[in-house]
Amino acid sequence: MTADSGGGLTLVRGNDILSQITGHRADCLDVISRAYLTHADGGAALPHSVFVRPDPPRPDRFIALAGHLAGDFGIAGIKWIASFPDNVAAGRERTSAVLVLNDTRTGYPIAVLEGSVISATRTAASAVLTAEKLAGRRKAARVGIVGTGLIAAHVCLFLTELGWDIGGYTLLDTYRDRAQQFRARLLEGRATAARVTTDVADLFDECGLIVLTTTANTPYLLDPALLTNCPLVLHLSLRDLGPNLISVSQNITDDPEHAFRENTSVQVAERTLGDRAFLSGTIADVLTGRVARDGRPAIVAPFGLGVLDLALGQWVYQQCQDQGAVTTVPGFFSDPLR
Ligand SMILES: NC(=O)c1ccc[n+]([C@@H]2O[C@H](COP(=O)([O-])OP(=O)(O)OC[C@H]3O[C@@H](n4cnc5c(N)ncnc54)[C@H](O)[C@@H]3O)[C@@H](O)[C@H]2O)c1
């Protein structure tokens, strides 16, 4: 994949990206799986993401995730993603993002892609991929979702498109109307049963697969009795679970170098418990079979690696280019003076 030799820059729209992903989520799973394995084999350069928070403090933040992925990928770039929680009440998405892909031979940017769809897709793909490997099948008697926003919606798109056999959904959101709307959308699709609850203990009691996609900043699920039924918890929002739940579970993350930062639940647990002995392994370990369910509750908490955005962005860009769904700005880069 090379940059435009005529000095042009290619742009790819969010709706075109979503069109390419829809119907191809099995391919997305494959891309994400290969990216994890390349990263585990040492084929990724992945500095810590940079969090920029306004001063004086507000709930808003910007994050830069840069990286380079070698192996079959040969791609570099950066995701620049903003999170403004108040956007949701105003009818906008909380997050907005761009993804820049760079040519690894010249360094030139190849393309700028709308980044939030790719970001949500890679997050959902990593969760559903790991759930499938740990469960050994695409089946869950009941799925519980806490925080019925954008990422949860993308998780459900994966579960539906990949043909998961799901008995029903239990939904909870601080804003009950958001959970109700989510329920309505699920029932318009292929879901046959979905209910809204305000009691998180109820949700944990009746669901074997639980997706946490809130915007909580500090742990609020503190009672280990929540895990009595030994669920598989996809802890995508990273800061919901207290140390007492983590200490009785099998814990899986994507990369400990990244995950034990920024006040995530695993970092809080490490501070409280004194070490990281509660960590069972990584998603790559699950993919290679080194880690499997061991009878305890399982918590999967992927910090979110920038190289996943690059891998999926590269795949999406290729699809969009093949379909002519890209726009090139000619002469974007200035002519050489030398
Ligand atoms: N791990 C990763 O790789 C990764 C990637 C992307 C996003 N995320 C995280 O996923 C989370 C969800 O993102 P999103 O884009 O879907 O956000 P969103 O704003 O679209 O949805 C979040 C929902 O959670 C609800 N909520 C907040 N706190 C709650 C609580 N304590 N209990 C119940 N509901 C609550 C909100 O009302 C909202 O409806 C965020 O924390 C985000 O940072 C993680």
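A residue counts as buried here if 20 or more other C-beta atoms lie within 10 Å of its own, as exposed if there are 12 or fewer, and as partly exposed in between, with C-beta atoms placed from the backbone. Helices (H or I, at least four residues) and strands (E, at least two) are DSSP runs, numbered from the N terminus.

With those terms in hand, welcome to the structure. This is a predicted model, where local features need pLDDT of at least 70, side-chain atom pairs count only at pLDDT 80 or more, and totals for chains, interfaces and linings use all residues. Residue numbers start from 1 along each chain as its sequence is written.

Strand E14 covers residues 232-235. Leu232 and Leu234 point one way from it, Val233 and His235 point the other way, and all are buried. In a regular strand the side chains alternate between the two faces of the sheet.

Two strands pair if DSSP finds at least two bridges between them. E14 runs parallel to strand E13 (residues 209-212), and 4 bridges join them; here His235 has Leu212 opposite. E14 also pairs in the parallel sense with strand E17 (residues 298-301), over 3 bridges, and in E17 Ile299 is the bridge partner of Val233.

**The chain as a whole**

The protein chain contains 11 helices and 18 strands. For its 338 residues a compact globule would have a radius of gyration near 20 Å, and the chain has 20 Å, which agrees. That radius is taken over C-alpha atoms, and the globule rule is 2.2 Å times the number of residues to the power 0.38. Along its principal axes the C-alpha trace spans about 70 × 45 × 45 Å. Of the 338 residues, 44% count as buried.

Two residues are in contact if their C-beta atoms, placed from the backbone, lie within 7 Å. Among contacts with a separation of 6 or more, 71% come from residues 24 or more positions apart.

**Two domains**

The domain assignment gives domain 1 (9-118 + 306-329) and domain 2 (136-301); such bounds come from an automatic or database assignment. Their C-alpha centres lie 23 Å apart. The contact takes 12 residues from domain 1 and 13 residues from domain 2. On the domain 1 side, helix H2 (residues 25-40) gives the largest share, 7 residues.

**Helix H11**

What span should helix H11 (residues 306-322) have at 1.5 Å a residue? Its 17 residues should span 24 Å, and its end C-alpha atoms are 24 Å apart, which agrees. The expected span is 1.5 Å times one less than the number of residues. H11 is mostly covered, as 13 of its 17 residues are buried. Just after H11, Gly324 takes a positive phi of about 70 degrees.

**Thr106 and Leu171**

Thr106 is found in the loop between strand E6 (95-102) and strand E7 (109-114). With 11 C-beta neighbours inside 10 Å, Thr106 counts as exposed. Leu171 lies in strand E11 (residues 169-172) and is buried, with 25 other C-beta atoms within 10 Å. Beyond its neighbours within four places in sequence, Leu171 is in contact with Ile145, Thr148, Ala179, Phe182, Arg183, Ala194 and Val196.

Here are C-alpha distances for two pairs of residues.

| Pair | Places apart along the chain | C-alpha separation |
|---|---|---|
| Thr106 and Thr2 | 104 residues | 8.2 Å |
| Leu171 and Ser5 | 166 residues | 50 Å |
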